[in-house]
Amino acid sequence: MQTKKYYQPLSGNEMPRFAGSGTFMRLPAVALSKDLDVGFVGVPVDIATSNRPGARFGPKEIRDESRMLRPFNVSTGADPFNSLSIADIGDVPINTFNLEKTIEIIEQHYDNILAHDVIPLTIGGDHSITLPILRAIHKKHGPVGVIHVDAHADTNDHMFGEKIAHGTPFRRAFEEGLIDGKRVVQIGLRGTGYDPDEYCWSQAQGARVVQAEECWYKSLAPLMAEIRESIGDGPVYISFDIDGLDPAYAPGTGTAEVGGLTVHQGLEIVRGCKGMNIIGGDLVEVSPPYDVSKNTSVVAANLLYEMLCVLPQVNYR
Ligand code: MN
Ligand code: MN
């Protein structure tokens, strides 16, 4: 029986920020074990993307741009690294020539992570990866609530005839009973659609849809207080598609839509999950080739760190 190790990110005072390992926050790369509480895991998939590709490079680039993150969340008081054993557990060895096999590989990989009682925080990858993750999570937790931030509902029945694509994961998740409709909230939806009632399908499953226009000019802290109340104590998964944010803040993504959320609102959403029973999360759809300034990856790395900070076991100062 090993004792728990509280791994720390490598400090910028020990090794320059632009050097050192390429892990998330320059944490140790650690093999899965029962002693670990949280694992950052990369899923380098973009073969389910409908427009601009490149999300396969997301895990590497987001890890790289996470190098500026320091351990304490000065804004919220969260002290994750002295509360939990947190490490980078590497990437899922997907099959980039075969989406169907890739989806199976991801599910098996997450089965294994969850068998070790490790909370997965996923660095994507396009949004197709959320389906196999939810399949694995359902086996452990049953139907979960979801905080889904996105420009898109991702509830298409198919794309180009394919049932698995980055615009279908929540359709499949609802159909398979992986998620609990009444505890699903989709925030930031907007843009043009194939149907004037684009969001009716989600709503018919019981989900709450908060369109981007309802968020404009506002703090989202009151919305999150309402959601905390309605979502209750059951398990909740966070799925954050970076295109939920406005392309002004997050241009490096495959299917950009104007009029999106601000960075402040993204932070308010994730910070507003404190108090919920968060059992995992992902940050998807960052496409580094379209991210000339690298700001998209900087924002993505910060949002993943904020997800870490709202895990129920984290101490606050
Ligand atoms: Mn999406
Ligand atoms: Mn999207």
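Here is a quick tour of the metal site, the pockets and some ring contacts.

This is a predicted model, where local features need pLDDT of at least 70, side-chain atom pairs count only at pLDDT 80 or more, and totals for chains, interfaces and linings use all residues. Residues are numbered from 1 along each chain as its sequence is written, chains are lettered from A and ligands numbered from 1 in the order in which they are written, and side-chain values use heavy atoms, with hydrogens and water left out.

**Metal site**

- The manganese ion (ligand 2) has its protein donors at 2.1 to 2.4 Å: Asp150 (OD), His152 (ND1), Asp241 (OD), Asp243 (OD) and Asp243 (OD). Donors here are N, O and S atoms within 2.8 Å of the metal (3.2 Å for Na, K and Ca); water is not among the atoms, so sites may look incomplete.
- Along the sequence, the donor residues of the manganese ion (ligand 2) follow the spacing D-x1-H-x88-D-x1-D.
- Asp150 coordinates both the manganese ion (ligand 2) and the manganese ion (ligand 1), and the two ions are 3.3 Å apart.
- Distant parts of the chain are linked here: Asp150 is in the loop between strand 4 (144–149) and helix 4, while Asp241 is in strand 7 (residues 235–241), 91 residues apart. Helices (H or I, at least four residues) and strands (E, at least two) are DSSP runs, numbered from the N terminus.
- Asp150 is buried, at 0% relative accessible area, and Asp241 counts as buried too, at 2%. Buried means under 20% relative accessible area, exposed means over 50%, and partly exposed is in between (1.4 Å probe, protein chains only).

**Pockets**

- The largest pocket has a volume of about 610 Å³. On a 1 Å grid over the protein atoms alone, a pocket is an open set of points where a 1.4 Å probe fits, with protein on both sides within 12 Å along at least five of seven lines, and lining residues have an atom within 4 Å of a point. Grid points are joined across faces, edges and corners, and the volume is the space filled by probe spheres set on them.
- Helix 9 (residues 295–309) gives the largest share of the second largest pocket's lining, four residues.

**Rings**

- There are three aromatic pairs in the structure. Rings of Phe, Tyr and Trp (its six-membered ring) pair if their centres lie within 6.5 Å; planes under 30 degrees apart count as stacked, over 60 as edge-to-face and the rest as tilted.
- Phe24 and Phe40 are stacked, because their ring centres are 4.1 Å apart and their planes are at 25 degrees.
- Phe174 and Trp201 pair edge-to-face, at 5.7 Å centre to centre and 70 degrees between the planes. Phe174 is buried, at 10% relative accessible area, whereas Trp201 is partly exposed, at 23%.
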